[in-house]
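Here is a short report on a structure. Look at the sequence and the 3D view first, then read on.

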Amino acid sequence: MTTATVTGTGGRRVAGRRRSVLSDRAYRGGLAACVLLFVALVGWFVVAIVIQARPAFSTLGFSWIFQKTWDPTHNHFGLLPAILGTLETTAIAMVLAVPIGLGTALSLAYLIPVRLRPPLSTAVELLAAVPSVVYGLWGLIALAPIWRSTVEPFLSSVLGWTSLFNGPNSGNGLLLAGCILFVMVLPTMVAISRDVLAVVPVEQVEGAMALGATRWQTLRKVVLRDARTGILGAFTLATGRALGETVAVALVIGNSPYLAHSLKSTAVTIPALIVNSFGEATGTFRSALFGAALVLLVIGMVVNSVARLLVRRTARTGVASVAVA
Amino acid sequence: MSTLVLDASTDPILERRRRVQSAATASLARRKLASRVALGVCWLALAIAVVPLVAVIAYVVTKGLPAWSSDFFVHSTVPEGVPGGGIFNAIAGTLVIGAVATGATVPFGVACGLFLAESEGRLAAAVRFVADVMTGMPSITVGIFGYIAIVLTTGSYSGLAGAFAIGIIMLPIVTRAAETAIRGVPVTVSEAGFALGARRSTVARRVVLPTALPGVITGVLLAIARGVGETAPLLFTIFGSQYLEWNPTQPMDAIPFVVYTNSSQPYPDLVQIAWGAALLLVAAVLVLNIGSRLLAAWLRRERA
Amino acid sequence: MTIDPEVATGGGTVTADPRTTGAQSTDTVMRLEDVTVRFGGRPAVRDVSFDVRTDAITALIGPSGSGKTTLLRALNRMHDNTRSASVTGSVRLGETDVYASSTDATLVRSRVGMVFQRPNPFPTMSIYENAVAGLRFNGIRKKSLLDEAAESALVAAALWDSVRDRLKAHASTLSGGEQQRLCIARALAVEPEVLLMDEPTSALDPVATSRIEELVGELKSRVTIVIVTHNMQQAQRVSDDCAFLLMAADRCGELVEFGPTDVLFTHPRDTRTLDYVNGRFG
């Protein structure tokens, strides 16, 4: 072999070692092929669902997505109840998760004794990894009876003047599903927020305190402001999780495809609707279900893209950050 | 404190100082109260958050442990009313699906991660973004994709379809974890390989990947934990089965599947099994997560 | 209130300092007595006593590990945030006992400001917002007051001319030296009686360093300064009084000697001081 000339850090320009250059190119080409295959897979994912949903769109047009009546036996596939149910359960979950999650994250990052911070933070991250079906089982068996016997009557008596609590105590429904979702996304919201709050540089905190700020003034004007992008990202990720959740909601929401008129009434979300009807669905019905899945897909892509654009700025580096979703 | 400066009464600095101090003292009570209230609210939030989360774990443990018997782990599903039922078939199913999904995902994901770690261009940035977005997609859509891709084309439900769907969920996680782990390998290590005249593929295979291996394993463990816990993708792909089935081309059962289907049954025996399966699932996920953390901590210590 | 020169320098000869006659006072703004700081029971710096002269610059010098920064941070109760820390002895700010239970730490910090080693302007705030941040924290809202204070402080920090047209720009658009001067302005806006400076130039390049040293000399008439520096030449250039700390055998810092700078550097009482200022160690 002739003399080898190594240039730069890539070491690729090696004079005379033609075999080496070819194999390098093959190596890079092989890796690129894998990545393109990955992208193709994602593309197939979207296209496959679009194809299956097409019959519904060509038969029914586009307006069915926003219609109120879901009655498969008469070929009515109004998706509005499911869409609203999805939005309502998620809204309930996030209305609870944001203040409680943020307050908890602040406590974990700044208020609890320093020695307790690592174990409790780990505990929250482990809770975020608990599968959602476990929350669903707990909600159905453990929480629903208490809901029916205690919580719903209490809420009706105290807040019944708003018409939010009309209807029978059925032990399932919109509010219960929303609360289960809240419990489910809480660890995610807390874990990511805590991470973002904890990496605010200590010099910032000290700088504020040295000016005569109280603890809350420091947290509000310096720490929370610094972390606001990351917290928004945590919020969006948690919302994405809540929007797409299937099993935890399907078990307790009652699955009635009508517009909910009170927080106690049964309702349906898009994932729950699909799961419950998929087995027997044929023809246009099935295609409509694929269409519903497509709607969910689009919502999921939008919300997650926004979340990832925000969360990129957090300091959560390393391998663990990618598994939280 | 007093200074001997003669025109103290008109010194603007002293005037400003007096003003600041009087404002500070006047507002002190209000500021301290606000601080105390706000911090109290944070503590309250912590207390409220703790209740349901501890309740979930407590319930799963107290209701699930009684279900754990030797029958539970060794026997397969039996009809309602017959004693001695277990979830061995579900455990087997989860193992098969997990093994197939991991076996397909890890090489593919590591290759993609290697590409991403070595590239800076716009393609790489786009792929990275797509992978990140995919980690948060609703798992039911992934299940539906598995149905379309495998069940419709092969004509039957199977463990393979389930593994496909779980693989789609795991793939972006493994990819990003591999990329992070490979980027963590100091560039001096790979430079040493190149300086010896080795080809890029050799350097990658013999030098970079072995060094990145603990980090990759950390990510793979987390991906497996996420994958085996998912239920919705399985609902459309594996169909479930009462019988022990090791053949991935057949319909089979899985642990999360059991939890879901049994939980809404009116029979207490079956609900009991659901709790036991849920506890097993939680335990498995915790073990994988904790193992992954321990590995990551060991890695940090070794590298420091 | 005048100081007994014997007490101030621990006995020994005192040359008449021309700066202490005339308009310059010999009053004490801050008095330390047997100040000891412990972390988890172990002392980090102990039994420090000296008086800080009003409108003078007092430097804390000594090799690293001698407890200078720990002592400095005890003067504005920054150790309150560290649960394992305890401060004993007495720190008097004018008539106030800084560590009395009836004394509020946030009020102390509005009277004793601090500038840190690395410039730490608030990144989400503009230059103007940074300058008035301290005033806002202390309950001052009126825009006219804030504007006036901001301008005065930025002028005093020699920053006004370069930022007057871009007060709304983010603080991160400033260079390192400018950021540190912004931090100084931010601290000055609160009009503290004492300004603590913890090695304020060690993170800056030589040009920025000399500009800040110049600034510190000019600020003397407005606020008393206590500055920690590991740079002996800086201490000699800038300060009126010096406290030399050294780490003892048990790894706890002690005050070796305190006195007017020129005395300390030319004929100190302690041989350790002599060795240090002659560069024989540290």
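## Chain A meets chain B

Two residues count as in contact if their C-beta atoms, placed from the backbone, lie within 7 Å. The model is predicted. By that contact rule, 77 residues of chain A are in contact with 81 residues of chain B.

Which elements of chain A take part? Those that give two or more residues to the side touching chain B are helix 1 (18-60), helix 2 (80-111), helix 3 (117-128), helix 4, helix 5 (174-198), helix 7 (215-244), helix 9 (270-277) and helix 10 (283-311) of chain A. Helix 1 of chain A gives the most, with 15 residues. By class, this side of chain A has 54 nonpolar, 20 polar and 3 charged residues.

Helix 4 of chain A covers residues 132-159, which is 28 residues. At 1.5 Å a residue, a straight helix would reach 40 Å. The end C-alpha atoms of helix 4 of chain A are only 30 Å apart.

Where does helix 4 of chain A bend? The bend is at A:Trp147, and it is about 55°.

## The sheet of chain C

Chain C has an open sheet of 10 strands with mixed pairing. The strand order is 5-4-1-2-10-9-3-8-7-6. Strand 5 (96-97) and strand 6 (112-115) of chain C are the edge strands, and each pairs on one side only.

Now look inside the sheet. Strand 3 (residues 57-61) and strand 9 (residues 241-247) of chain C run parallel, joined by 4 bridges. C:Ala59 has C:Cys242 in strand 9 as its bridge partner. Helix 7 (residues 176-189) of chain C packs on the sheet. This helix touches strand 6 and strand 7 (194-198) of chain C. Its direction makes about 175° with that of strand 6 of chain C.

## Chain C meets chain B

How many residues of chain C are in contact with chain B? There are 19, and they meet 16 residues of chain B. By class, this side of chain C has 7 nonpolar, 6 polar and 6 charged residues.

Methods. Residues numbered from 1 in each chain as written. Chains lettered and ligands numbered in written order. Predicted model: local features only at pLDDT ≥ 70, side-chain atom pairs only at ≥ 80, totals over all residues. Pairing = 2+ DSSP bridges. Axes fitted to C-alpha atoms, helices over the stretch in contact; angles between N-to-C directions. Expected span 1.5 Å × (residues − 1). Bend = angle between axes of the 7 residues up to and from the residue. Nonpolar A, V, L, I, M, F, W, Y, C, P; charged D, E, K, R; others polar.
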